[in-house]
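Thanks for coming. I have one model to go through today, and I will keep it short.

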Amino acid sequence: MDLKELAVNVLGQNKKAALLIGGAGVAVLGFGLGYKYLRKPEKVVRVGVVSKLLIHPLKSGKAVSVAVAECQKVGLKFGELQDRHWLVITEDGHMVTGRQEPRLVLVSLTCEGGRVCLSGPDMEELRFPIKQSDRPVIDCRVFGNDIQGRDCGDEASRWLSRYLGAEKTFRLVHFEPHMKGRRPVEQEPLFPQFEVAYPDVAPVMLLSEPSVKDLSSKLEKDVTVERFRPSIIISDCEAFEEDSWEELQIGSVRLQRVMSCGRCIFTTVDPETGVISRKEPLETLKSYRLCKPSERHIYKSAPLFGQLHTVKKTGILHVGDEVYKISR
């Protein structure tokens with residue numbers, strides 16, 4: 001091949017390359033412009049106001065009501081208190097909740113000055129350090145999933161075993177920031193991927209006061225929101241309106257609905273007495289809050305009450321914050 005033919009071939013190849021690059025550039029530009037102009041803008045509608053924020057430091061333990069909370073990816077936090085970051089377990093590492101030990105709902109776990117305080121009816125307070133790096137890390141089981149927890153020591157174990165009064169040994173563990181969370185919802189491909197510490201399913205559970213009032217109107221005795229252990233309680237809305245809120249903005253926090261909260265026997269534990277009835281309000285909820293037939297593979301026979309959310313954007317929540325529904 002002479003010099004002239006070589007030059008023609010190179011020029012031809014460069015033209016093809018230029019056309020390809022140019023075409024790709026136009027396609028990318030067209031896609032970008034199309035996305036910009038075809039993407040639906042967000043519609044923001046006020047749907048309620050935050051009336052209460054509850055943190056449950058100990059799974060199945062007493063709630064702590066706060067006026068302000070940091071909403072992290074793994075749930076609400078106030079100072080050294082983090083939602084469902086402490087867990088009671090058996091000696092072989094299996095979780096213990098109010099379903100098995102109803103009197104757990106009367107146990108208060110608080111934190112101050114780097115120390116944990118455990119208290120309960122007819123028990124002396126027990127205080128111990130939050131950080132106990134010399135204690136062993138225990139492999140635990142929460143709803144069949146593996147997760148770790150730092151053992152809180154023999155004193156805490158004796159306190160819980162004495163309080164619960166069973167001929168068993170119980171231990172208390174703490175989920176630390178460096179530990180790997182668990183993925184609780186994996187059976188549905190449409191569910192978002194996220195991790196939690198010791199909550200049943202999601203980092204945030206949201207419930208409205210009108211929904212609780214609606215339920216109470218059907219019962220002989222009123223129930224309170226505390227019985228259902230939500231993180232965020234909403235008022236100034238209609239009963240069960242929260243069922244239709246797929247995405248929410250509260251202050252700087254953005255929440256994404258995962259699924260409804262299927263209710264179990266734990267709802268029949270009175271948060272004021274620690275007594276389990278095994279009947280109400282669960283039976284009444286089943287009379288009018290069952291899922292659609294198409295969702296039975298998810299919820300089975302559990303009635304739905306409250307909504308579970310994951311945290312898309314972290315931030316600070318305040319009692320009194322307005323709640324906005326986001327749609328497109």
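Predicted model: local features only at pLDDT ≥ 70, side-chain atom pairs only at ≥ 80, totals over all residues.

Start with threonine 97: is this residue buried or exposed? Threonine 97 has a relative accessible area of 0%, and the cut-off for buried is under 20%, so threonine 97 counts as buried.

Where does threonine 97 sit? Its place is in the loop between β7, residues 95-96, and β8. Which residues does it touch, once neighbours within four places in sequence are set aside? Those contacts are Lys59, Ser60 and Leu104. There is also a polar contact of 3.1 Å between the side chains of threonine 97 and arginine 99.

Arginine 99 takes us to the largest pocket. Arg99 is one of the lining residues that lie nearest the centre of that pocket, along with Asp200, Val201, Cys261 and Gly262. The whole lining comes to 36 residues, and the space in the pocket is about 770 Å³. Which elements give two or more residues to the lining? They are β14 (204-208), β17 (253-262) and α5 (296-299). The largest share is from β17, with four residues.

β8 belongs to an open sheet of three strands, ordered β8-β9-β10, with antiparallel pairing. The edge strands are β8, residues 108-112, and β10, residues 126-129, and each of them pairs on one side only. From one strand to the next, the twist averages 25°.

Take the pair β9 and β10. β9 covers residues 115-119, and its antiparallel pairing with β10 runs over four bridges. If you want a place to look, arginine 115 stands opposite proline 129 in β10. Across β9 and β10 lies helix α2, residues 154-164, which runs at about 150° to β10.

Last, the protein overall. How many helices and strands are there? The count is five helices and 20 strands. Of the 328 residues, 48% are buried, and threonine 97, where we began, is a buried residue. As for contacts between residues at least 6 apart in sequence, 68% of them join residues at least 24 apart.

That is what I have.

Conventions:
Residues numbered from 1 in each chain as written. Heavy atoms only, no water. Pairing = 2+ DSSP bridges. Axes fitted to C-alpha atoms, helices over the stretch in contact; angles between N-to-C directions. Contact = heavy atoms within 4.5 Å. Buried < 20%, exposed > 50% of the residue type's maximum accessible area, 1.4 Å probe, protein only. Polar contact = N/O pair within 3.5 Å; in protein donor to acceptor, adjacent residues only side chain to side chain. 1 Å grid on protein atoms, 1.4 Å probe; cavity = no way out; pocket = protein on both sides within 12 Å on 5 of 7 lines; lining within 4 Å. Points joined across faces, edges and corners; volume = space filled by probe spheres on them.
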